[in-house]
Amino acid sequence: KDLRPPVISLALSPGSGLFVAILVQMTITGKSFIGGNMGIALAANLPASSRLWQDAAGVPRFSCRDCHITLVSPQSSALTRNLRARFSHTFLVALQLCPAVDAVLNLVNAKFTTMISEIPLGTAGTLRCALLNPPMMSEAFIELDLEVSAAAWCREGKEVNFPMDQPSLTSLTPKRDAATQLILSANFLGVELSVLQASFNLDISHNMVLGLPPLVTTVLGALIPEISRVLPPSQPVVIEMREMKVPVVTIIPNKSFVQLFSTAELQVSPSDCSP
């Protein structure tokens with residue numbers, strides 16, 4: 001009875017891995033060999049440390065080490081201490097807390113495995129990631145330096161090579177509670193946008209510009225007088241937007257910019273002639 005939820009404490013161990021401490025508290029009641037009922041308040045602490053390493057396939061993995069169970073004994077009589085010691089040895093072994101830690105770490109490792117799996121991106125190709133360096137541990141965060149495979153994406157049927165230079169990481173911003181930070185380089189984003197360059201091509205009609213005046217020659221003529229002189233009024237207009245150059249990404253502290261270079265061609269289709 002009086003089984004309390006376990007109290008779990010986690011801490012990052014710089015240069016090694018993860019430290020886990022689990023406190024289990026409960027009360028065991030039963031018949032005493034000297035007659036009557038008795039209860040034993042049991043508190044056990046399970047400290048375990050794990051190592052974060054990189055296997056042969058390049059996947060980060062946690063492995064448990066130095067797991068043991070210690071009994072937290074309150075002040076009690078010699079008889080009670082003797083009974084608790086004899087009972088707890090059998091009971092704590094039956095709890096199998098150390099194998100439970102292994103099971104939890106295996107669930108985390110299964111998440112890491114998907115890190116290097118190929119991710120299809122449709123006609124753009126396939127995204128492949130690999131862990132460039134062994135994981136780095138500090139008191140505040142785990143740093144995973146990922147490398148995107150060169151020639152991972154395609155543009156118009158041709159492979160796109162990523163820049164080979166590796167920009168140095170600047171100092172990380174202060175960690176927020178329960179937050180994961182993903183830091184991407186300008187080169188990475190630039191190549192991604194170059195693959196998607198054709199996706200920025202648009203044919204804009206008045207049906208796409210909701211809440212604005214209809215996209216017709218009369219509206220454009222108010223902005224560009226030459227249109228009113230050469231085109232009939234109230235004719236629907238289609239604007240063809242085409243990306244002409246690879247997008248450029250610039251990143252500075254707290255800001256990022258994307259420049260898109262496009263041309264706009266306006267087409268009008270009067271009922272009595274061709275566009």
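Why does isoleucine 69 count as partly exposed? The structure is a predicted model, in which local features need pLDDT of at least 70 and side-chain atom pairs count only at pLDDT 80 or more, whereas totals for chains, interfaces and linings use all residues. Residues are numbered from 1 along each chain as its sequence is written, and side-chain values use heavy atoms, with hydrogens and water left out.

Isoleucine 69 counts as partly exposed because its relative accessibility is 28%, where buried means under 20% relative accessible area, exposed means over 50%, and partly exposed lies in between (1.4 Å probe, protein chains only). Isoleucine 69 is found in the loop between E4 and E5, and although 25 residues separate it from alanine 44 in sequence, the two C-alpha atoms are 6.7 Å apart in space.

Strands (E, at least two residues) and helices (H or I, at least four) are DSSP runs numbered from the N terminus, and two strands pair if DSSP finds at least two bridges between them. Strand E3 runs antiparallel to E2, to which it is joined by 15 bridges, with arginine 51 in E3 as the bridge partner of glycine 17. E3 also pairs in the antiparallel sense with strand E4 (residues 60-65) over 6 bridges, and here serine 50 stands opposite cysteine 64. Between E3 and E4, which form a hairpin, there are 5 residues, and glycine 58 in the turn has a positive phi of about 85°. A further antiparallel pairing, of 2 bridges, joins E3 to strand E5 (residues 70-71), where threonine 70 stands opposite asparagine 45.

A nonpolar core is a set of buried Ala, Val, Leu, Ile, Met, Phe, Trp, Tyr and Cys residues joined through side-chain atoms within 4.5 Å. The largest such core has 18 residues, and those with the most contacts inside it include Ile22, Val24, Leu46, Phe62 and Phe112. At least two residues of this core are supplied by each of strand E2 (17-31), strand E3 (37-54) and helix H2 (97-113). Apart from it lies another core, of 6 residues, among them Leu215, Val237, Ile239 and Val268. Phenylalanine 62 has contacts (heavy atoms within 4.5 Å) with residues including Leu18, Leu52, Leu105, Val108 and Ile142, when residues up to four places away in sequence are not counted.

Leucine 144 is found in the loop between strand E10 (142-143) and strand E11 (146-148), and it counts as partly exposed because its relative accessibility is 30%.
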